[in-house]
Amino acid sequence: MRAHEAGALHAEAAGRGPTWLQPPDDTNALVASLWPTHVSRRADGVLDVAGVAATELATQFGTPAYVIDEDDFRARARSFRDAFAGADVYYAGKAFLSVASVQWVAEEGLCLDVCSGGELAVALRAGFDPARIGFHGNNKSESELRRAVAVGVGRIVVDSYSEIARLAKVAAELGVRQPVLVRVTAGVEAHTHDYIATAHEDQKFGLSITDGAAFEAMEMTEGLASLRLLGLHSHIGSQIFDTSGFEVAARRVLALYARGLEAGFTLGELDLGGGFGIAYTTQDDPAEPDELARNLTEIVAHECRALDIGVPHLSVEPGRAVAGPSTFTLYEVGTVKEVALDAGASRLYVAVDGGMSDNIRAALYDADFSCTLASRRSDADPVLARVVGKHCESGDIVVKNEFLPGDMEAGDLIAVPATGAYCRSLANTYNHIPRPPVVAVRHGQARLVVRRETEDDLLRLEVL
Ligand SMILES: *Cc1c(COP(=O)(O)O)cnc(C)c1O
């Protein structure tokens, strides 16, 4: 348990917010680090996105809605590309994939990662150059592999002996020499504030360096005429804030890489994966792409010097750090309920018109978010609130703890920032609540990029 979580539990028992969460002087103030670049508050208190009022968006597109500051998304993509100028940046599409996001990524000069046939289909529909696509996954089917090879996917990250054999057969049948990376397990698993350097090999991804499986997979690939071994791939986790986990992983993967060179394998590339953290609350302090690039390239250069090998061509795969901060979810408030806690304290439960169907991260990972009143100014005193959804689960929480003005009422709009990654892509239709639309705003114009699901969409799958 993280320190602030322990503090939160302790303070919550006493009916207050987590200790790190202090009532703000002014609930109308926006914490800049949590919001997309072009979000501000107008004089009347209404949130403004690139020149469009949140109230207008709600009228035009309904709520809930995912609202993307398109220039923010593009700028983050660009800043990774520029920071890693000598390397390739693959946007990890699973964070948020749509035809529009694929086109933005293409226009900003990034490559793209997909990890299923469905994701590949979206990329192809968007006209993305297959040669710039990487294909991941621990259990790609033969038909997924066949399609990827047939359309000319630039690299396939192989994850098991059986997949290597399957892919070699498919590629041979299609007369292709398919470039591949071998995904290795470096024995490091990093998340958020900590990383564990032991006992993490017990998982489904990758081939272990320690038990020799990774080397054997390289050997096997080298021996198959329809495959071309490009290099190695390692992805250590998600929402990571410091580079020490990458350092341990890079050291181990490069040692294997050097062994491969010694064995005469045609290696030239190293992919260090993604997982770069973003700010969900004021507790998170993510590094800028420049700093990440500097640290990672230094780590790799240092290890290569120590091993006396040439520096491989690098690639990284940010997903969350590109898509996450660009988006907020706009909800309308329905029921507001004051619930008594111990010691005379209370908590305001603010229910919105979505919940775990459009943002399952709190339920799935106990994730923290923040939020603000988006449709007006309020000078009411701040009260400790919890924003909940409308689903039939008490774990249906969107924002566990936030100070909101005490006069929240039905019809108010609430905006939850940092919902651009793993919210729409993990959205579901629990309780048959249709999934929200995605609206991109740029230069004073709002554009629907994914429409709202309808009851007809839900009923279309019924066999009547
Ligand atoms: C999910 C994933 C990523 C992206 O992770 P983020 O935390 O979104 O940056 C990158 N590479 C691989 C292999 C992944 O599975």
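**Exercise 1.** State whether Cys-371 is buried or exposed.

Solution. Cys-371 has a relative accessibility of 7%. Buried means under 20% relative accessible area, exposed over 50%, and partly exposed in between, with a 1.4 Å probe and protein chains only. Cys-371 therefore counts as buried.

The model is predicted: local features need pLDDT of at least 70, side-chain atom pairs count only at pLDDT 80 or more, and totals for chains, interfaces and linings use all residues. Residues are numbered from 1 along each chain as its sequence is written, and side-chain values use heavy atoms, leaving out hydrogens and water.

**Exercise 2.** Find how many disulfides the whole structure holds, then examine Cys-371.

Solution. A disulfide is taken as a pair of cysteine sulfur atoms within 2.5 Å. The search of the whole structure gives zero. Cys-371 is in no disulfide, and the nearest cysteine sulfur, that of Cys-423, lies 14 Å away. Another cysteine, Cys-304, is buried at 1% relative accessible area.

**Exercise 3.** Compare the radius of gyration of the chain with that of a compact globule.

Solution. The radius is taken over C-alpha atoms, and the globule rule is 2.2 Å times the number of residues to the power 0.38. For 464 residues the rule gives a value near 23 Å. The chain has 23 Å, so the two agree. The C-alpha trace spans about 70 × 50 × 40 Å along its principal axes.

**Exercise 4.** What share of the residues of the chain counts as buried?

Solution. Of the 464 residues, 55% count as buried.
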